[in-house]
Protein chains: 2
Amino acid sequence: MQELKDRIIKDGQVIGTEIIKVDSFLNHQIDVALVFKIGKELANRFANQGITKILTIEASGIPIACAVAWHMNNLPVIFAKKAAPSTMIDGFYNTEITSFTKRTVSSVMVSKKYLSKEDHVLIVDDFLAHGEAALGLAYLAEQAEAVVSGIGIAIEKEFQGGSEKLRQKCYRVESLAVIKSIQNGHITFK
Amino acid sequence: MQELKDRIIKDGQVIGTEIIKVDSFLNHQIDVALVFKIGKELANRFANQGITKILTIEASGIPIACAVAWHMNNLPVIFAKKAAPSTMIDGFYNTEITSFTKRTVSSVMVSKKYLSKEDHVLIVDDFLAHGEAALGLAYLAEQAEAVVSGIGIAIEKEFQGGSEKLRQKCYRVESLAVIKSIQNGHITFK
């Protein structure tokens, strides 16, 4: 998606050789017009797959997931939670997800009420790096015996191996901006 | 907003006398069509106030904030973060927010880059209970010397005193569904 790549070049901030900071438009301050277009493009790529639910993880996956859902006839969005509120009194599926950026391991959960074996799930997130979040979300869906129909990503850092890991598990991955490398402050797209 | 009240009655789950669980459509699974309408209504109520930015807090305020922004000519949304990612290397405003539902105290932060004294900020959240989150967000905006133009809420539990606290500080509060009491499993709207 050219507009997203252009925006990354214009407003992204490279830190070292592994991190590209896009918090001016994607995951702290949000450009909703851009996010809406990202949602439309991901919805197009996964059209006619019989998808029933969009699954993401709090927090920065949520705007994109909502935009995808909006372009798929208002499909329900579910965001996996990193902490169980005291109101989550029913059963839930859970797993552990490592964040390399935040240097944390989070236990994430989805209420059993909102995923079932009838569901065909599209997993959506802002970033794909090592693949930990996407693998964790897929595992949550599979605990519910739902079908994982695909994984839709805004920005993929291909050199961190996440998409390869996911494709080895036969998941379809679509990323709108695939970064091949970051070197000397310069971003190379695939 | 009648549609929201109807939905709370239909799908909300009362727990005791203080908690109404709406995770089937608002803050775990999300009905994006409803959220879009909530955003439209809040945008209408704060139209022509010269608002420049929408401020919310992760995670469940984000969909509504994006919907409001969409209906206000794509204003930027900023969501306050509960944990500083390793990429947040510049300065930030921060404060502590107590969550009565989650029984936690969170340190929340907003990068100094995204709020300034030129900003007129609309604070948006899914719930208003004791007012802690809204007060914390207002305090973040005020650290930047921004003007807090108002506070837009989907569901207010008036009996927990948050809106009174906020109005005593002269903030304009607009809530689309105001719950006066929850007794014997029955919700009474104002």
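The questions below go from the interface to a pair of helices.

Modeller: This is a predicted model, in which local features need pLDDT of at least 70 and side-chain atom pairs count only at pLDDT 80 or more, while totals for chains, interfaces and linings use all residues. Residues are numbered from 1 along each chain as its sequence is written, and chains are lettered from A and ligands numbered from 1 in the order in which they are written.

Biologist: Which element supplies the largest share of the side of chain A that touches chain B?

Modeller: Counting residues as in contact if their C-beta atoms, placed from the backbone, lie within 7 Å, 32 residues of chain A meet 32 residues of chain B. Helices (H or I, at least four residues) and strands (E, at least two) are DSSP runs, numbered from the N terminus, and β2, β3, α2, α3 and β5 of chain A each give at least two residues to that side. The largest share, five residues, comes from α3(A).

Biologist: Which residue is the bridge partner of A:Gln29 in β5(B)?

Modeller: Strands pair if DSSP finds at least two bridges between them, and β3(A) pairs with β5(B) in the antiparallel sense over two bridges. In β5(B), the partner of A:Gln29 is B:Ile78.

Biologist: How is α2(A) oriented to α3(A)?

Modeller: With axes as lines fitted to C-alpha atoms over the stretch in contact, and angles running from 0 to 180 degrees between N-to-C directions, the two helices α2(A) and α3(A) pack at about 55°, their axes 7 Å apart. Angles under 35 degrees count as roughly parallel, over 145 as roughly antiparallel, 65 to 115 as roughly perpendicular and the rest as oblique, so α2(A) is to α3(A) oblique.

Terms used
Two residues are in contact if their C-beta atoms, placed from the backbone, lie within 7 Å.
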